[in-house]
Amino acid sequence: MCGGHEEVKEFMNSLLEISKEDLTDSQLEYELFNEMDIFERPVVCASCNTMISDVKFLLSLEGRSLHHFINPSGLRFSFYTFYYTKNTFEYGEPTEEHTWFSGYRWSFLLCEVCQSHLGWYYRNSDDSFFGLVDEKIKFT
Ligand SMILES: [Zn+2]
């Protein structure tokens, strides 16, 4: 069978493409975290140890993923920026008031399991990311 091998390869590739497209968001998320469990270091909630992200999801902004600032009440914060979290939810109306990142609105980000305040969810019209306070999370 001349060229049979190539045909099989093409057929297998087309199957792979279809099955990837058919995956739902939650399946993709599962795949993402399945991979993470094997290869990387989870980041967990400091209060209840729920897995909320991973070092592989650290986001570098202005050349760094660890940021320091003093809020309007004079409190000093350090937080890490991530582009993905799970087991979290946002709380409150997004606002641009005192925003640390120009043009981005923020809302609070809480742990879904223990409701501990983890940091903030930042977004503008085409971008979003998470800021997690260093004292609220643990690198494992
Ligand atoms: Zn928690």
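**Exercise 1. The largest nonpolar core**

Task: Find which residues have the most contacts inside the largest nonpolar core, and which elements supply it.

Solution. Step 1. A nonpolar core is a set of buried Ala, Val, Leu, Ile, Met, Phe, Trp, Tyr and Cys residues joined through C-beta atoms within 7 Å. Buried means that 20 or more other C-beta atoms lie within 10 Å of a residue's own; exposed means 12 or fewer; partly exposed lies in between, and C-beta atoms are placed from the backbone.

Step 1. Read off the core. The largest one has 18 residues. Those with the most contacts inside it are Ile-52, Leu-109, Leu-118, Tyr-121, Leu-132 and Ile-137.

Step 2. Assign elements. β1, β4 (76-82), β6, β7 and β8 each give two or more residues to this core. Helices (H or I, at least four residues) and strands (E, at least two) are DSSP runs, numbered from the N terminus.

Step 3. Look at one member. Leu-132 is in contact with Phe-79, Tyr-80, Phe-82, Leu-118, Gly-119 and Ile-137, leaving aside its neighbours within four places in sequence. Contact here means C-beta atoms, placed from the backbone, within 7 Å.

A note on the model. It is predicted: local features need pLDDT of at least 70, side-chain atom pairs count only at pLDDT 80 or more, and totals for chains, interfaces and linings use all residues. Residues are numbered from 1 along each chain as its sequence is written.

**Exercise 2. The whole chain**

Task: State how many helices and strands the protein chain has, and in what pattern they follow.

Solution. Step 1. Count. There are two helices and nine strands.

Step 1. Order them. Along the sequence the pattern is α-α-β-β-β-β-β-β-β-β-β.

Step 2. Of the 140 residues of the protein chain, 18% count as buried.

**Exercise 3. From β6 to β8**

Task: Work out how β7 pairs with β6 and with β8.

Solution. Step 1. Two strands pair if DSSP finds at least two bridges between them.

Step 1. Take β6 (residues 105-111) and β7 (residues 117-124). They run antiparallel and are joined by six bridges. Ser-107 has Tyr-121 in β7 as its bridge partner.

Step 2. Take β7 and β8 (residues 127-133). Six bridges join this antiparallel pair as well. Asn-124 is bridged to Asp-127 in β8.

Step 3. Check the turns. The hairpin of β6 and β7 has five residues between the strands. The hairpin of β7 and β8 has two.

**Exercise 4. Positive phi**

Task: Describe the setting of Asn-87 and of Gln-115: which loop holds each, and is each exposed or partly exposed?

Solution. Step 1. Recall the background. Most residues other than glycine have a negative phi.

Step 1. Asn-87 is not a glycine, yet its phi is positive, about 60°. Asn-87 lies in the loop between β4 and β5 (88-95). Asn-87 is partly exposed because 16 other C-beta atoms lie within 10 Å.

Step 2. Gln-115 also has a positive phi of about 60° without being a glycine. Gln-115 sits in the loop between β6 and β7. Gln-115 counts as exposed because it has 12 C-beta neighbours inside 10 Å.

How values were computed:
Two residues are in contact if their C-beta atoms, placed from the backbone, lie within 7 Å.
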